[in-house]
Amino acid sequence: MQIVYLLLVALMIVGIIGSVVPALPGASLILIAIIIWGFVKGSFAAISAPLIVTAIVLVLSIGVDLLAGYVGAKQAGASKWGQIGAIIGLVAGFLGLLPTLPVGGPLLGLLFGPLVGAIIAEFIYRRDFILAVKAGIGIVVGTVVGNLIQGVLAIAAVVFFLINTWSQVFG
């Protein structure tokens, strides 16, 4: 039972990393691990509080993700074009399709793809390079802040789970 528990905690740690890194599952992995633990224990009564907290964290993470990018874009004066360009840049960067990144692969693409995509889309829409750069930076800053908040929420959910279940496994 202890090995299964530790494997699920490892899955939760991957979920924490996924909460911070775009395009990777985050809080949903933590929720899945808690549900698996409920099946292993044969009872969801022992994990009802962590399950509820993690479900709330998942909903909050989705809200933070949407709100942070939106607030960052609005603060920088970005249009919907910039937001769409950031999403396209994220996908292109993750897949390694950005010509400006011949090395570094998906990790650098995840960092620079949204910035490049937002700048290009804003420039096409507004024809003002300074505004395009400002909008691109605003979108990226909003997204990074949102990802950091999601990471904190994910850590809180895992710590809450560990506090409520550690004694069940290790006495």
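Residues are numbered from 1 along each chain as its sequence is written, and side-chain values use heavy atoms, with hydrogens and water left out. Because the model is predicted, local features need pLDDT of at least 70 and side-chain atom pairs count only at pLDDT 80 or more, while totals for chains, interfaces and linings use all residues.

The unreviewed UniProt entry annotates residues 7–40, 46–72, 84–101, 107–125 and 137–163 as "transmembrane region"; such annotations, given here with shortened feature names and in the numbering used here, may be inferred rather than shown by experiment. Over residues 137–163 the chain is 100% helix and 0% strand, and 39 Å separates the end C-alpha atoms. Helices (H or I, at least four residues) and strands (E, at least two) are DSSP runs, numbered from the N terminus.

Helix 3 covers residues 48–76. Its 29 residues should span 42 Å at 1.5 Å a residue, and the end C-alpha atoms are 42 Å apart, which agrees; the expected span is 1.5 Å times one less than the number of residues. Buried residues of helix 3 include Pro 50, Thr 54, Ser 61, Gly 69 and Ala 76, where buried means under 20% relative accessible area, exposed over 50%, and partly exposed in between (1.4 Å probe, protein chains only). The buried residues of helix 3 pack against helix 2, helix 4 (80–94) and helix 6 (129–170), with contact meaning heavy atoms within 4.5 Å. Gly 77 follows helix 3 and has a positive phi, near 80°.

The structure holds one salt bridge, defined as a side-chain nitrogen of Lys or Arg within 4 Å of a carboxyl oxygen of Asp or Glu. The partners are Arg 126 and Glu 122, at 3.3 Å from N to O. These residues are four apart in helix 5 (residues 105–126), and therefore about one helical turn separates them. Arg 126 is partly exposed, at 32% relative accessibility, whereas Glu 122 is buried, at 0%.

A nonpolar patch on the surface is formed by Met 1, Val 4, Ile 32, Ile 36 and Val 40, with about 390 Å² of accessible area together. Patches are made of residues with over 30% relative accessible area and no salt bridge, joining like charges within 9 Å and nonpolar side chains (Val, Leu, Ile, Met, Phe, Trp, Tyr) within 5 Å; areas come from the Shrake-Rupley method with a 1.4 Å probe, and for residues only the protein chains shown count as cover. Helix 2 (residues 27–41) gives the most to this patch, with three residues. Ile 32 lies in helix 2 and is partly exposed, at 43% relative accessibility.
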